[in-house]
Amino acid sequence: MATPVIGVLALQGDVLEHVAALAAAGADARPVRRPAELDAVDGLVIPGGESTTISKLVDIFELREPIDKRIAGGMPVYGSCAGMIMLAAEVLDGRPDQRGFQGIEMTVRRNAFGRQVDSFEAPVQIAGVDGEPFHAVFIRAPWVERVGAGVEVLGRVTGGSGSRPGVRGAEPASSPGPTADRVVAVRQGNLLATSFHPELTGDHRLHRYFVELVRAA
Ligand SMILES: NC(=O)CC[C@H](N)C(=O)O
């Protein structure tokens, strides 16, 4: 495959930022909103935004079955933030009617780090990506509370006294506490997900990682 064609699910959220980052990372990048457009791509990015809204629009735009099928067929997908939620097998603190593609055997907690005002930035080292840690931006981000056997943890954000990951007021009883490390990047086969938004910082290493994943698939 010379230049992989990668779509960005263009229903809501940070669509154009991902298109630009994918183009900078060497892909033929384009928004995808119709089933026929999905047929033409080798890989898909599900952007950050609002997973409950994306879930509704996926049905309105008749993309649920086509995306489920492509995922079952091995199409690489990268989900960022709301996109991570859309890829999770199980969602805690979601809306009862929200439904994702359930491709990654993991449980994510929606809005786990707190509200919009609790947004924060922190360094995150990603396994398989060389160089310095990412300057990771978290906006009403989920974290990963459980991963299945087939899931590779690629990155964690470290809490610690005084750092933003510890600001959450109400820790879930099941979680290890406010200063624990949180899983924020995972991969299962051709599915990749991060709690943070690499498309916002001009660091294209994660998009390059995904472009290579699509090339290899
Ligand atoms: N920046 C984001 O993508 C936030 C995700 C949002 N909290 C959701 O539930 O989908």
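Start at the ligand: the shell of residues around it divides into 4 nonpolar, 4 polar and 3 charged. Here Ala, Val, Leu, Ile, Met, Phe, Trp, Tyr, Cys and Pro count as nonpolar, Asp, Glu, Lys and Arg as charged, and the others, Gly among them, as polar. Select G48, G49, E50, S51, C81, A82, I85, R110, N111, I139 and R140 to see that shell; a residue belongs if its C-beta atom, placed from the backbone, lies within 6 Å of the molecule.

Before going on, note that this is a predicted model: local features need pLDDT of at least 70, side-chain atom pairs count only at pLDDT 80 or more, and totals for chains, interfaces and linings use all residues. Residues are numbered from 1 along each chain as its sequence is written.

Next, pick C81, H197 and E199, which UniProt gives as "active site" in an unreviewed entry; such annotations may be inferred rather than shown by experiment. They are spread over 119 residues of sequence, yet they cluster in space, with a largest C-alpha distance of 11.2 Å.

Zoom in on H197, in the loop between β12 (191–194) and α6 (205–216). Helices (H or I, at least four residues) and strands (E, at least two) are DSSP runs, numbered from the N terminus. H197 is buried because 25 other C-beta atoms sit within 10 Å; the cut-offs are 20 or more for buried, 12 or fewer for exposed, and partly exposed in between. Leaving aside neighbours within four places in sequence, H197 is in contact with D14, G48, S80, C81, V137 and I139, contact being C-beta atoms, placed from the backbone, within 7 Å.

E199 lies in that loop between β12 and α6 too, and is buried with 27 C-beta neighbours inside 10 Å. Beyond four places in sequence, its contacts are D14, E17, H18, A21 and S80.

H18 and A21 lead you to helix α1 (residues 15–24), where they are among the buried residues. The buried residues of α1 pack against β1 (5–9), β2 (28–32), β3 (43–46) and α6.

Now jump to strand β11 (residues 182–188): 6 of its 7 residues are buried, so the rest of the structure largely encloses it. β11 pairs antiparallel with β10 (residues 152–157) over 5 bridges, and G155 stands opposite A185 in β11. Strands pair if DSSP finds at least two bridges between them. On to the hairpin of β11 and β12, with 2 residues between the strands; G189 in the turn has a positive phi of about 60°.

Definitions and conventions:
Contact = placed C-beta atoms within 7 Å.
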